[in-house]
Amino acid sequence: MMRWLRLRRMRRAFRAIPERDRAIFGSVRFDDCDYIETAERHGCTVAEVEQTIARVILALDRAERDKWP
């Protein structure tokens with residue numbers, strides 16, 4: 001499948017994710033924060049950060065594989 005089509009689906013899926021989840025994901029993946037620092041930054045627990053990262057990665061993976069609703 002064409003790379004641009006997969007990326008377009010992933011962008012669409014990322015925009016559909018709640019803002020807080022995108023912010024947490026961005027702190028870990030783009031700002032290079034560890035889970036503890038991210039939890040402190042966003043006022044949540046490390047477990048919530050772990051769950052959020054897993055949820056976002058799963059959504060992006062589904063979108064890449066064309067299983068996004």
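**Overview of the chain**

Modeller: Of the 69 residues in the protein chain, 29% are buried, where buried means under 20% relative accessible area, exposed means over 50%, and partly exposed lies in between (1.4 Å probe, protein chains only). This is a predicted model, in which local features need pLDDT of at least 70, side-chain atom pairs count only at pLDDT 80 or more, and totals for chains, interfaces and linings use all residues. Residues are numbered from 1 along each chain as its sequence is written, and side-chain values use heavy atoms, with hydrogens and water left out.

Biologist: How many helices and strands are in the protein chain?

Modeller: There are 4 helices and 0 strands. Helices (H or I, at least four residues) and strands (E, at least two) are DSSP runs, numbered from the N terminus. Along the sequence the pattern reads α-α-α-α.

Biologist: What box do the C-alpha atoms fill?

Modeller: Roughly 40 × 20 × 15 Å, taken along the principal axes.

Biologist: And what share of the contacts comes from residues 24 or more positions apart?

Modeller: Those residues account for 50% of the contacts with a separation of 6 or more. Contact means heavy atoms within 4.5 Å.

Biologist: On to the inside. Which residues form the largest nonpolar core?

Modeller: That core has 11 residues: Ile-17, Ile-24, Phe-25, Val-28, Ala-39, Cys-44, Val-49, Ile-53, Val-56, Ala-59 and Leu-60. A nonpolar core is a set of buried Ala, Val, Leu, Ile, Met, Phe, Trp, Tyr and Cys residues joined through side-chain atoms within 4.5 Å.

Biologist: Which elements give two or more residues to it?

Modeller: H2 and H4 do. The largest share, 5 residues, comes from H4.

Biologist: Which residues of H2 are buried?

Modeller: H2 covers residues 19–29, and its buried residues are Asp-21, Ile-24, Phe-25, Gly-26, Ser-27 and Val-28. Their cover includes helix H1 (3–16), H3 and helix H4 (46–64).

Biologist: How do the axes of H2 and H4 cross?

Modeller: They come within 9 Å and cross at roughly 95°. That makes H2 roughly perpendicular to H4. Axes are lines fitted to C-alpha atoms, for helices over the stretch in contact, and angles run from 0 to 180 degrees between N-to-C directions. Angles under 35 degrees count as roughly parallel, over 145 as roughly antiparallel, 65 to 115 as roughly perpendicular and the rest as oblique.

Biologist: Which classes do the residues of that contact divide into?

Modeller: There are 8 nonpolar, 1 polar and 3 charged residues in the contact of H2 with H4. Ala, Val, Leu, Ile, Met, Phe, Trp, Tyr, Cys and Pro count as nonpolar, Asp, Glu, Lys and Arg as charged, and the others, Gly among them, as polar.

Biologist: What about the axes of H3 and H4?

Modeller: The axes of H3 and H4 come within 8 Å and cross at roughly 100°. These two helices are therefore also roughly perpendicular to each other. Tyr-35, Ile-36, Thr-38 and Ala-39 of H3 meet Val-46, Val-49, Glu-50 and Ile-53 of H4.

Biologist: Now single residues. Where is Thr-52, and is it buried or exposed?

Modeller: Thr-52 is in helix H4. Thr-52 counts as buried because its relative accessibility is 2%. Leaving aside neighbours within four places in sequence, Thr-52 is in contact with Asp-21 and Ile-24. A polar atom of its side chain lies 2.8 Å from the backbone oxygen of Glu-48.

Biologist: And where is Ile-17?

Modeller: Ile-17 is in the loop between H1 and H2. With 7% relative accessibility, Ile-17 counts as buried. Not counting residues up to four places away in sequence, Ile-17 touches Arg-22, Val-56 and Ala-59.

Biologist: Which loop holds Asp-32, and is that residue buried or exposed?

Modeller: Asp-32 lies in the loop between H2 and H3. Asp-32 is exposed, with a relative accessible area of 68%. Asp-32 has a positive phi of about 60° although it is not a glycine. Most residues other than glycine have a negative phi.

Biologist: Last one: which residue caps the N-terminal end of H3?

Modeller: Asp-34 caps that end of H3 (residues 35–42), with a side-chain oxygen 3.2 Å from the backbone nitrogen of Ile-36. Just after H3, Gly-43 takes a positive phi of about 65°.

Notes
A polar contact is a pair of N or O atoms within 3.5 Å; within protein, one must be able to donate a hydrogen and the other to accept it, and residues adjacent in sequence count only if both atoms are side-chain atoms.
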